[in-house]
Amino acid sequence: MTSHQGTGRVIAVLLLVASLAAMAEVAASRAVTLAPPRPSSWEVGLEVAYAALARGDVLAAQHAYLIALSGARGERSLRGVVRAAEGLAALGDDAGVAEALEMAGRLRAADTDPGTLARLQALREHRDASAALPSAERPTR
């Protein structure tokens with residue numbers, strides 16, 4: 001075997017290895033891009049609530065907010081609890097808001113996001129302000 005033939009074989013092997021490495025890289029990147037992140041259950045519940053509100057179905061929206069609240073509690077997401085509580089507050093569901101605030105109290109220590117904590121405080125203040133109104137002046141559903 002001449003040196004020219006040996007060099008040709010080495011180059012062929014190197015090209016084969018480089019091609020296989022490139023194909024493996026492409027396959028790995030496709031595996032990552034083909035699996036988009038899945039929304040959490042409470043996020044799905046909120047989307048259902050927004051859709052129900054858009055079509056004017058308040059009862060379905062309230063039910064979806066309660067499902068979102070339950071999902072957020074299960075995932076221990078203070079952000080999800082607060083967002084579901086905000087939706088329930090907008091619908092005038094005082095019992096749902098009270099339940100959410102109770103859940104939030106248990107989850108608060110695990111979350112330090114200032115935006116979420118500020119929204120939680122605003123919900124508490126809204127609840128307290130509503131409770132201070134005489135019953136004839138309280139918003140009704």
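Author: Helices (H or I, at least four residues) and strands (E, at least two) are DSSP runs, numbered from the N terminus. The model is predicted: local features need pLDDT of at least 70, side-chain atom pairs count only at pLDDT 80 or more, and totals for chains, interfaces and linings use all residues. Residues are numbered from 1 along each chain as its sequence is written, and side-chain values use heavy atoms, with hydrogens and water left out.

Reader: How many helices and strands does the chain have?

Author: Read from the N terminus, the elements of the chain run α-α-α-α-α-α. The secondary structure therefore comes to zero strands and, by the DSSP runs described above, six helices.

Reader: In which helix does Leu 88 lie, and is Leu 88 buried or exposed?

Author: Leu 88 lies in helix H4. Buried means under 20% relative accessible area, exposed over 50%, and partly exposed in between (1.4 Å probe, protein chains only). The relative accessibility of Leu 88 is 0%, so Leu 88 in helix H4 counts as buried.

Reader: Which residues does Leu 88 touch, not counting residues up to four places away in sequence?

Author: Contact means heavy atoms within 4.5 Å. Leu 88 and Ala 100, twelve residues apart in sequence, have C-alpha atoms 9.1 Å apart. With residues up to four places away left out, Leu 88 touches Gln 62, Tyr 65, Leu 66, Leu 69, Asp 93, Gly 96 and Val 97.

Reader: What percentage of the residues in the chain is buried?

Author: The chain has 141 residues, and its accessible surface comes to about 9,400 Å², with 61% of this belonging to carbon and sulfur atoms. These areas come from the Shrake-Rupley method with a 1.4 Å probe, and for residues only the protein chains shown count as cover. The buried residues make up 28%.

Reader: Which residues does Leu 120 touch, not counting residues up to four places away in sequence?

Author: In soluble globular proteins, nonpolar side chains tend to be buried together. Leu 120 is one of the core residues that touch the most other members. Outside the four-place limit, Leu 120 touches Leu 78, Val 82, Leu 101, Ala 104 and Arg 108.

Reader: How far apart in sequence are Arg 119 and Glu 86?

Author: A salt bridge is a side-chain nitrogen of Lys or Arg within 4 Å of a carboxyl oxygen of Asp or Glu, and the structure holds four. Arg 119 forms one with Glu 86, and their closest N and O atoms are 2.5 Å apart. Arg 119 is partly exposed at 37%, and Glu 86 is partly exposed at 25%. Since Arg 119 lies in helix H6 and Glu 86 in helix H4, the pair ties together parts whose separation in sequence is 33 residues.

Reader: With which residue does Glu 102 form a salt bridge?

Author: Glu 102 is exposed at 53% relative accessibility. The closest N and O atoms are 3.3 Å apart, and the partner is Arg 106.

Reader: What is the angle between the planes of Tyr 50 and Tyr 65?

Author: Rings of Phe, Tyr and Trp (its six-membered ring) pair if their centres lie within 6.5 Å; planes under 30 degrees apart count as stacked, over 60 as edge-to-face and the rest as tilted. The structure holds one aromatic pair, formed by Tyr 50 and Tyr 65 at 6.4 Å centre to centre. Tyr 50 lies in helix H2 and Tyr 65 in helix H3, 15 residues apart. The pair is edge-to-face, with an angle between the planes of 70°.

Reader: Is Tyr 65 buried or exposed?

Author: Tyr 50 is partly exposed, with a relative accessible area of 34%. Tyr 65 has 5% relative accessibility, so Tyr 65 counts as buried.

Notes. A nonpolar core is a set of buried Ala, Val, Leu, Ile, Met, Phe, Trp, Tyr and Cys residues joined through side-chain atoms within 4.5 Å.
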